[in-house]
Amino acid sequence: MTDAPSPLVRALIAHPVLAAPGYPPPDHAPTGPAELFTAWLLDALAAGLPDAQVLTLATVDAEGRPDARVLVLRDVELPTAAWHFWTDPGSPKARQLAAHPATALTAYWPAHGRQVRLRGPVRPSPACPTPAPDLHCYALHPDQAEFWQAAPDRHHLRRRHTRTPTGWTDTGWTDTRLPG
């Protein structure tokens, strides 16, 4: 005997996912990850998407358990490809970053069908200005960046970048049709 799906499961199944008739094309996108991210963020801000500059930062705690929270992006430094944010140096986030600087940062703009995943170390960035002395600036220096562009036909596009000693490698846009 099979139990019927709960009301939540039925609602989730019935709710459309990536249902827009179309999304902005990734054509003519800048090839560097900091430049492409900045272009996508500026698109989201110009379109009036709410909280376009709010991202999710994932860290690990002292026991190695994952932890995630949203934060406000403060800058993207193009020459070094560094993503800046502020935090209290005594916060759990800052303590986790000091103990385990490897992080992941994710941006998602549903109305544009775009997601960006960044992975790499976070370091204090003392040259970055903050509005108050009790805030410190930190910078993610990703060694991997992945850009994802939704498509109504589920032929989603991905573009992956990997930092090397001499710059970035780039897969270009690849079709990654998802099942279903």
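1. Ground rules. Two strands pair if DSSP finds at least two bridges between them. Strands themselves are DSSP runs of E with at least two residues, while helices are runs of H or I with at least four, and both are numbered from the N terminus. This is a predicted model, in which local features need pLDDT of at least 70, side-chain atom pairs count only at pLDDT 80 or more, and totals for chains, interfaces and linings use all residues. Residues are numbered from 1 along each chain as its sequence is written, and side-chain values use heavy atoms, with hydrogens and water left out.

2. Overall layout. The protein has three helices and 11 strands. Along the sequence they follow the pattern α-α-β-β-β-β-α-β-β-β-β-β-β-β. Along the principal axes, the C-alpha atoms fill a box of roughly 55 × 45 × 30 Å.

3. Surface and burial. Of the 180 residues, 36% count as buried. Buried means under 20% relative accessible area, exposed means over 50%, and partly exposed lies in between.

4. Contacts across the sequence. A contact means heavy atoms within 4.5 Å. Take the contacts with a separation of 6 or more: residues 24 or more positions apart account for 52% of them.

5. Strand β4 and its partners. Five of the six residues of β4 are buried, so the strand is mostly covered. β4 pairs with β7 in the antiparallel sense over five bridges. Strand β3 (residues 75–77) also runs antiparallel to β4, joined by three bridges.

6. The β3–β4 turn. These two strands form a hairpin with four residues between them. Check Ala81 in the turn: its phi is positive, at about 50 degrees.

7. The nonpolar core. Such a core is a set of buried Ala, Val, Leu, Ile, Met, Phe, Trp, Tyr and Cys residues joined through side-chain atoms within 4.5 Å. The largest one has 28 residues, and Phe37, Trp83, Leu105, Trp109 and Val116 have the most contacts inside it. Elements giving two or more residues are α2, β1 (54–60), β4, α3 (92–99), β5, β6 (114–124), β7 and β8. Helix α2 gives the largest share, six residues.

8. Two residues to look at. Leu105 is in contact with Trp83 and Val116, among others, leaving aside neighbours within four places in sequence. Its other contacts include Leu55, Leu57, Leu71 and Leu140. Thr103 lies in strand β5 (residues 102–109). At 6% relative accessibility, Thr103 counts as buried. Not counting residues up to four places away, Thr103 touches Leu57, Ala58, Thr59, Leu97 and Leu140, among others.

9. Aromatic pairs. Rings of Phe, Tyr and Trp (its six-membered ring) pair if their centres lie within 6.5 Å; planes under 30 degrees apart count as stacked, over 60 as edge-to-face and the rest as tilted. The count comes to four aromatic pairs. Trp40 and Phe147 have ring centres 5.5 Å apart and planes at 85 degrees, so this pair is edge-to-face. Trp40 is in helix α2 (residues 33–46) and Phe147 in strand β8 (residues 144–149), so the pair ties together parts 107 residues apart in sequence. Both residues are buried.

10. Phe85 and Tyr138 have centres 6.0 Å apart and planes at 15 degrees, so they are stacked. Phe85 lies in β4 (residues 82–87) and Tyr138 in β7 (residues 136–140), so the pair ties together parts 53 residues apart in sequence. Phe85 is buried at 1% relative accessibility, and Tyr138 at 9%. Ring pairs also link Phe37, Trp83 and Trp109 into a cluster.

11. The disulfide. A search of the whole structure finds one. The cut-off is a pair of cysteine sulfur atoms within 2.5 Å. Cys128 is joined to Cys137, S to S 2.3 Å. The link is right-handed, with 70 degrees about the S-S bond. Cys128 is buried with a relative accessible area of 15%, and Cys137 with 5%.

Note on methods. Buried < 20%, exposed > 50% of the residue type's maximum accessible area, 1.4 Å probe, protein only.
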